[in-house]
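Student: Could you take me through one part of this structure up close? I'd like to hear about the annotated site and what surrounds it, and then anything that helps me place it in the rest of the chain.

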Amino acid sequence: MKALVKQHAEPGLWLVDVPEPEPGPGDVLIRVLRTGICGTDLHIRSWDTWARGAVSTPRVLGHEFAGEVAALGPDVEDIAVGDLVSGEGHLVCGRCRNCLAGRRHLCRSTIGLGVGRDGAFAEYVVLPAGNVWVHRTPVDLDIAAIFDPFGNAVHTALSFPLVGEDVLITGAGPIGIMAAAVARHAGARHVAITDVSDARLEIARKAGADLTLNVSEHPVAEAQRRLGLKEGFDIGLEMSGRPEALREMVGNMTHGGRIALLGLPAEEFAVDWSRIVTSMITIKGIYGREMFETWYAMTVLLEAGLDLSPVITGTYGYRDHQAAFDEAATARSGKIILDWTG
Ligand SMILES: NC(=O)c1ccc[n+]([C@@H]2O[C@H](COP(=O)([O-])OP(=O)(O)OC[C@H]3O[C@@H](n4cnc5c(N)ncnc54)[C@H](O)[C@@H]3O)[C@@H](O)[C@H]2O)c1
Ligand SMILES: [Zn+2]
Ligand SMILES: [Zn+2]
């Protein structure tokens, strides 16, 4: 089968023939239909410091996908050949304290699909049945392909109650944009989102943000002023990984405000901890999705009319992976989809 592989320990990706994976006991073989390109895949393509430490070659990339069940290994129940599925890309150990307690998203030995084991940028992928989410209600294929980052957005946005609250999102990448759509849909009073890219802020506006602010031109306090806030934002969702974004967020929260951190900073940095203490701010780190509460929430949000279509801004056949990755790397686009059916 064809697969997009990190073949050599150097920048680049290679579309090559690899053996089709076989489902063992408890496994599901999935024919991949669509995949989403993630920042993680861009890191692996450019072979930066993180990628060199996290990935050994050869490795099939990709963790955001939708596909059709092609075959089942022994001992798989409740999944049928032909089901439309997405995959939870965090494979957990099942044996640590959190796994045994049913808190699988807190597993201390998580392995990432397309990072620590072969992924979904291929015509077929194998996953343990416990990582397979069957779409039992109709869902657009492209949206099904981005359930993984959609789940990051939902997990973060619904970390704290936001009905009637004023929400600040820093970073209008695909996940920040989806978080804005979720916060709007879930009943926030105001949803403000910041970025340094006008193109991305425009996508966020289409997805439902009430106020967009380019922080290369204005401080976040300007967003407060325009919304008529008097005491600061109630909820902060940090989705840029940038030190200055978190610092600005902390400086614009109300007393008792709550911040969920999804953005992954490249290195350590300083923030005003005394402000966090005296403003009594709660900070919560978010990694991945809750298995499978977040997945349930995603499905029902879509059923209830959440529209994510603005976030998808490009679709390419898998053979055009280079152009697709280049567009994703511009940091001006929304989600870029690869179609594996052509
Ligand atoms: N914790 C997790 O499980 C998890 C999972 C996926 C992604 N992530 C991280 O979440 C973040 C969002 O993911 P994404 O795919 O949307 O990333 P992305 O890189 O596409 O988006 C980040 C956005 O932040 C913007 N930005 C840069 N400086 C800014 C500033 N000062 N203020 C506001 N915005 C600024 C960038 O222009 C970009 O649009 C990334 O940091 C990513 O590494 C974390
Ligand atoms: Zn991803
Ligand atoms: Zn575990």
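Tutor: Let's begin with His63, which touches Cys38, Gly89, Gly112, Leu113, Gly114, Gly119, Ala120 and Asp148, leaving out residues up to four places away in sequence. Bear in mind that this is a predicted model. His63 sits in the loop between β4 (59–60) and β5 (64–72). Is His63 buried or exposed? It counts as buried, because 24 C-beta neighbours lie inside 10 Å, and the cut-off for that label is 20 or more.

Now step along to Glu64, which belongs to strand β5. Glu64 is buried too, because 31 other C-beta atoms fall within 10 Å. Setting aside neighbours within four places in sequence, Glu64 is in contact with Thr35, Gly36, Cys38, Ala145, Ile146, Asp148 and Pro149. Cys38 is on that list, and Cys38 is also among the contacts of His63. Asp148 likewise touches His63 and is in contact with Glu64.

That brings us to the annotation itself.

To place the site in the chain, go back to β4, on one side of the His63 loop. β4 is part of an open sheet of three strands, ordered β2-β1-β4 and paired antiparallel. Its edge strands are β2 (14–17) and β4, each pairing on one side only. Strand β1 (residues 2–6) and β4 are joined by two bridges, and Lys6 stands opposite Arg59 in β4.

Then there's ligand 1, with 28 residues around it; the closest are Gly171, Gly173, Ile175, Ser240 and Gly241. Which elements supply at least two residues each to its shell? Those are α6 (174–185), β12 (190–195) and α9 (243–251), and α6 gives the most, with three residues. By class, the shell around ligand 1 has 12 nonpolar, 12 polar and four charged residues.

Note on methods: Residues are numbered from 1 along each chain as its sequence is written. Chains are lettered from A and ligands numbered from 1 in the order in which they are written. This is a predicted model: local features need pLDDT of at least 70, side-chain atom pairs count only at pLDDT 80 or more; totals for chains, interfaces and linings use all residues. Helices (H or I, at least four residues) and strands (E, at least two) are DSSP runs, numbered from the N terminus. A residue is buried if 20 or more other C-beta atoms lie within 10 Å of its own, exposed if 12 or fewer, and partly exposed in between; C-beta atoms are placed from the backbone. Two residues are in contact if their C-beta atoms, placed from the backbone, lie within 7 Å. Two strands pair if DSSP finds at least two bridges between them. A residue is near a molecule or strand if its C-beta atom, placed from the backbone, lies within 6 Å of it. Ala, Val, Leu, Ile, Met, Phe, Trp, Tyr, Cys and Pro count as nonpolar, Asp, Glu, Lys and Arg as charged, and the others, Gly among them, as polar.
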